[in-house]
Amino acid sequence: MEALVWFFLIAQFTAPVAFAALGETVGQKAGVLNIGLEGTILVACYAAVVASAATGSWIIGLLAAVLIGAILNLVQGFFTVVLASDQVVAGTAVNLIGLGLTSTLFDAGVASGQKFSGVAGIPKLPLGMDLLLLSLPIFAWGVHWLLFRTQFGLALRGAGEYPPAVESAGFSVIRLRLIALLIGGVFAGLAGAYLTLGTASSFAPNMTAGRGFIAIALVTFGRWKPMWVLGASFLIGILDWLQVALQGRSAIPIQFFMALPYVVALIVLVAVGKGTQTPHSLGLAYRREK
Amino acid sequence: MVVVLTLTFAAFGLDVSASLAIMWKGAFSDKVAIARTLVRATPLCLAGLGIVVAWRAGMYNIGGEGQYVLGGIGGAFCAKFLSILMPSVLSIFILLSGIVCGALFGALAGWLYVKRGVQVVISTILLNFLALLTLEWTLRGPLQESKKQTFVTDTLPNEVMLMRFDSGTDLHSGVFIALIATVLIWVFLRYTIPGFHLRVVGDSPDAARANKLPVGAIQIRAMAISGGLCGLAGSVDYVGLTGRLADGYSQNWGFIAIPVALLGGLTPIGTLGSATYFGALFAGSEVLKRSTPIGNSVVPAVQGFAVLAYIAILWALNRKSQRRAD
């Protein structure tokens with residue numbers, strides 16, 4: 001019993017990063033590196049808390065987060081996929097907008113007495129479980145199934161490997177990549193919703209604290225395989241939980257433990273190198289031939 | 001960008017013209033305001049130049065933030081352990097150690113890419129967090145002030161600080177460092193052979209390889225220069241403005257420098273201009289914060305929208321010229 005409680009506690013640390021990383025996997029498989037993930041999650045966090053506070057319903061909060069995540073990713077997709085602009089540039093812009101907009105809205109909201117904490121959260125089941133947490137492995141399996149067991153997934157992966165081939169097979173690379181980004185946005189929304197409604201039920205400026213970036217690293221770490229990505233997220237979740245559990249109890253400076261997720265992610269990336277599993281056209285814009 | 005700003009104010013139900021007037025006053029009205037603008041522009045310009053050098057070499061350095069922080073840490077170590085030096089010599093050592101620390105940190109990311117294929121975008125992001133945690137730790141460990149009460153470093157003595165022009169303002173001679181750096185990087189990229197090679201590697205690594213250029217070495221060098229400039233930004237702020245380090249020493253300067261460089265068209269001169277513009281925006285929004293709920297946090301949002309608008313404009317211009325070619 002005790003072990004299960006611990007497991008679900010760690011899972012709570014895992015979930016936001018895992019959701020984000022699963023969505024990013026879909027995008028990267030289709031060739032889109034979504035650097036704007038951090039900003040998207042942050043806006044989703046804000047939307048979840050505000051919508052939940054306004055309606056008193058966590059479901060509405062969740063839906064708001066998912067909707068705004070999808071919209072933001074499509075906006076970014078308009079620039080990177082449709083206008084074929086640089087993915088890092090557009091992603092950085094989305095991060096800046098996310099950070100600036102939510103902080104400004106938060107400041108303005110606090111000044112006018114808006115409520116940013118203690119909103120309706122996801123109801124907890126025994127042992128610290130909740131519905132969203134339990135659905136995480138199903139989502140991971142769903143992503144795996146979508147990518148590797150369906151015709152659509154094959155086309156999607158093709159868009160990340162060799163877009164001209166997919167285009168000549170009658171698919172639209174642009175549409176495939178936009179759909180991949182849409183799915184990624186939904187997952188980023190789930191990540192934002194869980195980070196707020198699943199744990200503290202509150203919002204604070206820059207509360208994502210780099211989780212979006214960690215999620216991007218986790219996709220490489222998990223070799224673009226959804227189940228591996230989930231496992232990698234769990235490892236990072238353990239390290240994340242460790243620094244909270246050890247706060248004030250260890251002779252070693254706490255910053256050392258806080259650094260562990262980043263150090264481990266970096267070491268793994270160094271150890272696996274680039275490898276052959278990177279989607280070939282990852283980060284490259286596709287321009288249709290005339 | 002003024003349009004974006006206007007829309008933002010309108011969205012918050014503020015009096016647009018009054019808000020713009022306050023910002024203008026806060027950025028340019030008198031010598032205090034102008035000094036405020038230039039002081040904010042200095043780190044933005046230096047770190048922005050760093051971004052220009054890396055990105056022109058095709059290395060997406062997002063690690064300006066970490067390199068800036070390490071520059072500050074390097075400077076603070078110098079100040080603590082070399083305090084026997086003459087004040088003016090010490091200032092120079094602090095600046096140099098900022099460059100060295102930032103350059104090593106940048107080169108590390110470059111090396112990881114060249115040798116191990118770790119994407120610079122990802123490694124520099126991870127290194128940012130490590131730099132921030134290093135700052136937190138040093139402020140609670142080796143660099144903590146001598147009374148050991150709060151988490152800050154000892155304040156630098158006045159003689160070590162960079163020269164100020166007017167005791168009424170914060171403007172320090174670091175602003176000239178930014179100007180000189182701009183000219184140097186401009187000359188480097190435009191008129192020197194290593195600068196040319198760097199641009200070739202950025203435009204087409206394959207062409208560079210075909211011409212037997214040492215692509216890996218050039219990429220690592222670009223990251224070192226980039227990190228050095230971002231580190232210099234950190235140490236200039238330390239020895240010019242704050243005189244000490246604290247948690248939150250870098251208020252996203254290294255990160256905000258990315259759009260500064262982008263909107264400057266990834267050119268040194270453009271970066272100087274856009275750094276001044278955003279310096280003014282910062283200075284103005286600081287003053288605006290006193291009377292409205294909107295403060296500095298609006299700047300990144302304005303930058304983000306501006307970058308997207310910039311992309312769209314470039315795309316439109318590009319299409320127009322293509323149509324003409326057809």
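View 1. Setting aside its neighbours within four places in sequence, Ala48(A) is in contact (C-beta atoms, placed from the backbone, within 7 Å) with Gly61(A), Leu62(A), Ala64(A), Ala65(A), Gly192(A), Ala193(A), Thr196(A) and Leu197(A). Residues are numbered from 1 along each chain as its sequence is written, and chains are lettered from A in the order in which they are written. Because the model is predicted, local features need pLDDT of at least 70 and side-chain atom pairs count only at pLDDT 80 or more, while totals for chains, interfaces and linings use all residues.

**View 2. The largest nonpolar core.** Ala48(A), together with Ala44(A) and Leu218(A), touches the most other members of this core of 211 residues, a core being a set of buried Ala, Val, Leu, Ile, Met, Phe, Trp, Tyr and Cys residues joined through C-beta atoms within 7 Å. A residue is buried if 20 or more other C-beta atoms lie within 10 Å of its own.

**View 3. Helix α10 of chain A, residues 226–245.** Helices are DSSP runs (H or I, at least four residues) numbered from the N terminus. The 20 residues of α10(A) reach 28 Å from first C-alpha to last, close to the 28 Å expected at 1.5 Å a residue, counted for one less than the number of residues. Among its buried residues are Pro226(A), Val229(A), Leu230(A) and Asp240(A). The buried residues of α10(A) fall within an arc of 160° (taken from the directions from the helix axis to the C-beta atoms), so they line one face of the helix.

**View 4. The contact between chains A and B.** Chain B brings 38 residues and chain A 37 residues, and α13(B) gives the largest share of the chain B side, 13 residues.

Definitions and conventions. Contact = placed C-beta atoms within 7 Å. Helix = DSSP H or I, 4+ residues; strand = E, 2+ residues; numbered from the N terminus. Buried ≥ 20, exposed ≤ 12 C-beta atoms within 10 Å, placed from the backbone.
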